[in-house]
Amino acid sequence: MSQPGLREVEHEITVSAPAAAVYRLIAEVQNWPRIFPPTIYVDHVEQGEGEERIRIWATANGEAKNWTSRRTLDAEQLRITFRQEVSAPPIASMGGTWIIESLSADESRVRLLHDYRAIDDDAESLAWIDEAVDRNSRSELAALKQNVEAAHAAEDLTFSFEDTVQINGSAKDVFDFVNEAGEWPERLPHVATVRFSEPSPGLQELEMDTRAKDGSVHTTKSYRVTFPHDKIAYKQVTLPALMTLHTGYWTFAPNDQGVAASSQHTVTINTENITRILGADATVEDAKKYVQSALSTNSRATLGHAKDYAERKAA
């Protein structure tokens, strides 16, 4: 019997992929920002045999939230249970189960179960959670289906790269430069305008207009998660025309010479726009080179200005 105020809901979808492959995709949380649209970033807090604690940053109804969950993984039964340790208001508690059922050798059913309560069992808050869970569950399952079924095709469209600059300064100063994105229009020539906010400490929303090498201006929006003074992870949610995915992170690693500052990108090419942007003869490889050049140019410019900033402070 359900407890008063406890909501239990279930969503499901059929996927044209083997059940074991679907299970692995859900189990590997480091890929979630690529697979699930609401997810910004996930990292492991603890890992053990069949048990783990993970931190998740995700959007819900357009608002960025974060929480820590415990998961139990059962590869034999193809089940993953999860429970939020401390939920973000207005959620009082949240948990559930992924259940993957084999329908045939190349088709499976994915069931996503949730149970949750609102703080003080507030009706308005519960309605907000209902909407968020329904929207995110449908989005997650649709994205899961799309990404599993298109895994082979998308493999050739997704790539990663990294740029690193050695800086004779402190990791804190370099981190501060990248972290203080609200100052970028004054600090970075390729940034025209910025709309920056930090709804909660370490969780940022960054929308900016940047100038490309050809003089055109592009608007992008990202959510960022910061780990002073080591790392800033991000996911773009408003993307340029040639990308369907852009995630990445900045890292600041102290060494004997100061700090190695790096910018890593993972990108999936939007094949539908290659011809419109690059011309009728352009290939996927041309698009990859174009995107990598554009992103590396901006990243290296940012790292170059961060280097100047940190080395001036260290002088």
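The notes go from the whole protein to its sheets, cores and single residues.

**Ground rules**

I am working with a predicted model, where local features need pLDDT of at least 70, side-chain atom pairs count only at pLDDT 80 or more, and totals for chains, interfaces and linings use all residues. Residues are numbered from 1 along each chain as its sequence is written, and side-chain values use heavy atoms, with hydrogens and water left out.

**Overall picture**

I first listed the secondary structure: eight helices and 14 strands. Helices (H or I, at least four residues) and strands (E, at least two) are DSSP runs, numbered from the N terminus.

Next I checked the radius of gyration, which is 21 Å, close to the 20 Å from the globule rule for 315 residues, so the protein is as compact as a globular protein of that length. That radius is taken over C-alpha atoms, and the globule rule is 2.2 Å times the number of residues to the power 0.38. The C-alpha atoms fill a box of roughly 65 × 50 × 40 Å along the principal axes.

I also looked at burial: 48% of the 315 residues count as buried. Buried means under 20% relative accessible area, exposed over 50%, and partly exposed in between (1.4 Å probe, protein chains only).

**First sheet**

Which order do the strands take? I read β1-β7-β6-β5-β4-β3-β2, an open sheet of seven strands with antiparallel pairing. Two strands pair if DSSP finds at least two bridges between them. The edge strands are β1 (7–15) and β2 (39–47), each pairing on one side only. From one strand to the next, the twist averages 20°. Axes here are lines fitted to C-alpha atoms, for helices over the stretch in contact, and angles run from 0 to 180 degrees between N-to-C directions.

Then I looked at what packs on this sheet. Helix α1 (residues 19–27) touches β1, β3 (51–60), β4, β5, β6 (91–104) and β7 (107–118), and its direction makes about 155° with that of β6. Contact means heavy atoms within 4.5 Å. Helix α3 (residues 123–149) packs on the sheet as well, touching β1, β3, β4, β6 and β7, at about 15° to the direction of β1.

I followed β3 because eight of its 10 residues are buried, so the rest of the structure largely encloses it. On one side, β2 and β3 pair antiparallel over seven bridges, and H44 stands opposite I54 in β3. Their hairpin has three residues between the strands, and G50 in the turn has a positive phi of about 75°.

β3 and β4 pair antiparallel over 10 bridges, with R53 opposite R70 in β4. This hairpin has two residues between its strands, and N61 in the turn has a positive phi of about 55°.

**Cores**

Where is the largest nonpolar core built from? It has 28 residues, and those with the most contacts inside it are V22, I26, W98, I100, V110 and L144. By definition, a nonpolar core is a set of buried Ala, Val, Leu, Ile, Met, Phe, Trp, Tyr and Cys residues joined through side-chain atoms within 4.5 Å. The elements giving it two or more residues are β1, α1, α2 (32–35), β3, β5, β6, β7 and α3. The largest share, six residues, comes from α1. I noted a second, separate core of 24 residues, which includes F177, A181, W184 and L303.

I found another open sheet of seven strands, in the order β8-β14-β13-β12-β11-β10-β9, with antiparallel pairing. β8 (158–167) and β9 (191–200) are at the edges with a single partner strand each, so one side of each has no neighbour in the sheet.

Helix α5 lies across β8, β9, β10 (203–211), β11, β12, β13 (243–255) and β14 (258–269), at about 155° to β13. Helix α8 (residues 284–314) lies across β8, β10, β13 and β14, at about 20° to β8.

**One last residue**

Is V178 buried or exposed? V178, found in helix α5 (residues 171–179), is buried, with a relative accessible area of 0%. Leaving out residues up to four places away in sequence, V178 touches W184, R224, I232, W250 and F252.
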